[in-house]
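Colleague: I have a few minutes before my next run. Can you walk me through this one?

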Amino acid sequence: MQWQTCLVVPIFLLYILSPTHWFYLYSSTKTQQKRKMAKSAGEENQQKAFGCAATDNSGILSPFNFSRRENGDDDVTLKILYCGVCHSDLHTLRNEWGFTFYPVVPGHEISGVATKVGKNVTKFNIGDRVGVGVLVGSCKTCECCEQDLENYCPRIIFTYNSYNPDGTKIMVRYVLRFPDNLPLDAGAPLLCAGITVYSPMKYYGMTEAGKHLGVAGLGGLGHIAVKIGKAFGLKVTVISSSPQKESEAINRLGADSFLVSNDPAKMKSAIGTMDYIIDTVSAVHPLLPLLSLLKVNGKLVTVGLPNKPLELPVFPLVMGRKLIGGSDVGGMKETQEMLDFCAKHNITADIELIRIEEINTAMERLAKSDVRYRFVIDVANSLSQ
Ligand SMILES: [Zn+2]
Ligand SMILES: [Zn+2]
């Protein structure tokens, strides 16, 4: 979620893309101390902003007013129009990973329109359709940053639940351009869910047309993995514990087949049939049944983040020369490539638009996987009524 706008006062949502400022998280004693110091130095150059924050592990979101510094020479300010609701937001709100700093204003599938650009910014103009994903800063000098892998930078600054340690770097690097035909609402979830499945498919070589991809878990990530897999020309099978999803997986999302993961007979019949599997399941689950589905040399990439370790079955790995890998979103260059790819193939998320006021109910539903397949907050319309 991301509601960086002024709800009552007549100011649009202001989002300054610069690490010289704190983003969605104004928390931790250290951060708050730094922020107070920064405030006294530049209080007159602040832009008012509004979000919704959780203050404890109940995860309940409430209105939250704060401020951001004025747009700098290297910054882009955007009016946020839409923001997708990712399961990571829920994990963070409830401190399920154990490293949440409160108060926290979540949201990292952000789309909108640029309203201000600094004088050094040549890549974007006012009025451009832009997006912000999972990260808003990195060191720009390490091996990862030099290889366009900012998402693995040891000094990464996440869009929320993170803070800026110094504040001297240019940030236009972390703004993404929305292709003309990519809608800002259904396109917003691509900024996390899309790149999370696209990047491992590219890196691990899981894009060879005609090969067989299994998509484990049919949620926010999984349903986009199906669409991207089909765009690469793969045969796609959804592996899910919810048999009621079979019809929509095949008829609506375009999967070729559906495998009920808790049906032993069907799982047995599919042993050794898949070249690749993307495992999007974020709950603790056994890997052995999935590994069994792979052919020799098969690859399983896990992108869900269970809060406890999974058991690693070594025998099938060794005996079948199989590979298990992981992957976390993608770098800025690859994220732009993914947006362009999705625009070219008309890939968007299946979304349910909600108003900001509905967010706590949406979170309850998300916790029960009761969403097809991504909530997206209609920020502008929420605030104008
Ligand atoms: Zn996410
Ligand atoms: Zn770096």
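Modeller: Here is a tour of the chain, with some helix packing, some strand pairing and a few single residues. Keep in mind that this is a predicted model.

Colleague: What share of the contacts comes from residues 24 or more positions apart?

Modeller: Counting contacts with a separation of 6 or more, that share is 69%.

Colleague: Now helices. Take H5: how many of its residues are buried?

Modeller: 9 of the 11 residues of H5 are buried, so H5 is largely enclosed by the rest of the structure. The helix covers residues 193-203.

Colleague: Which ones are buried in H5?

Modeller: Ala193, Gly194, Ile195, Thr196, Val197, Tyr198, Ser199, Pro200 and Met201.

Colleague: What covers the buried residues of H5?

Modeller: The cover includes two helices, H6 and H11 (332-344). Strands E13 (274-279), E14 (294-302), E15 (323-326) and E17 (374-378) are also among the covering elements.

Colleague: Go to H6. At what angle do H5 and H6 cross?

Modeller: Roughly 50°, with the axes coming within 8 Å. H6 is residues 220-231. Angles of 65 to 115 degrees count as roughly perpendicular, and those under 35 as roughly parallel. H5 and H6 are therefore oblique to each other.

Colleague: Left-handed or right-handed crossing?

Modeller: The crossing of H5 and H6 is right-handed.

Colleague: Which residues make that contact?

Modeller: From H5, they are Ala193, Gly194, Thr196, Val197, Tyr198 and Met201. H6 brings Gly220, Leu221, Ile224, Ala225 and Ile228.

Colleague: What about residue classes there, H5 with H6?

Modeller: That contact has 8 nonpolar residues, 3 polar ones and no charged ones.

Colleague: OK, now H11. How does H5 cross H11?

Modeller: The two axes come within 10 Å and cross at roughly 100°. H5 and H11 are therefore roughly perpendicular to each other.

Colleague: Who meets whom between H5 and H11?

Modeller: Gly194, Ile195, Tyr198 and Ser199 of H5 meet Glu334, Thr335, Met338 and Cys342 of H11. By class, the contact of H5 with H11 divides into 4 nonpolar, 3 polar and 1 charged.

Colleague: What comes just after H5?

Modeller: Gly205 is there, with a positive phi of about 65°.

Colleague: Switch to strands. What order do the 6 strands of the open sheet take?

Modeller: The order is E12-E11-E10-E13-E14-E15, and the pairing is parallel. The edge strands are E12 (257-260) and E15, each pairing on one side only. Twist averages 20° from one strand to the next.

Colleague: How many bridges join E14 to E15?

Modeller: 4 bridges, with the strands running parallel. Val301 stands opposite Gly325 in E15.

Colleague: And E4 with E5, parallel or antiparallel?

Modeller: Antiparallel. 7 bridges join E4 (residues 76-85) to E5 (residues 110-117).

Colleague: How does E5 pair with E6?

Modeller: E5 and E6 (residues 129-132) pair in the antiparallel sense, over 4 bridges. Ser111 has Gly131 of E6 as its bridge partner.

Colleague: Single residues next. Where is Leu184?

Modeller: Leu184 is in helix H4, residues 184-187.

Colleague: Why does Leu184 count as partly exposed?

Modeller: Because Leu184 has 19 C-beta neighbours inside 10 Å, and a residue needs 20 or more to be called buried.

Colleague: What is Leu184 in contact with, beyond its neighbours within four places in sequence?

Modeller: Leu81, Tyr82, Ser111, Gly112, Arg129 and Phe178. Leu81 is 103 residues away along the chain, yet the two C-alpha atoms are separated by 7.7 Å.

Colleague: Last one, Pro63. Which strand is Pro63 in?

Modeller: Pro63 belongs to E3, residues 61-69. With 13 C-beta neighbours inside 10 Å, Pro63 counts as partly exposed.

Colleague: How far apart are Pro63 and Ile356?

Modeller: 293 residues in sequence, and 9.7 Å in space, C-alpha to C-alpha.

How values were computed
Residues are numbered from 1 along each chain as its sequence is written. Chains are lettered from A and ligands numbered from 1 in the order in which they are written. This is a predicted model: local features need pLDDT of at least 70, side-chain atom pairs count only at pLDDT 80 or more; totals for chains, interfaces and linings use all residues. Axes are lines fitted to C-alpha atoms, for helices over the stretch in contact, and angles run from 0 to 180 degrees between N-to-C directions. Angles under 35 degrees count as roughly parallel, over 145 as roughly antiparallel, 65 to 115 as roughly perpendicular and the rest as oblique. A crossing is left-handed if the near helix is turned anticlockwise from the far one by less than a right angle, and right-handed if clockwise. Two residues are in contact if their C-beta atoms, placed from the backbone, lie within 7 Å. Ala, Val, Leu, Ile, Met, Phe, Trp, Tyr, Cys and Pro count as nonpolar, Asp, Glu, Lys and Arg as charged, and the others, Gly among them, as polar. A residue is buried if 20 or more other C-beta atoms lie within 10 Å of its own, exposed if 12 or fewer, and partly exposed in between; C-beta atoms are placed from the backbone. Two strands pair if DSSP finds at least two bridges between them.
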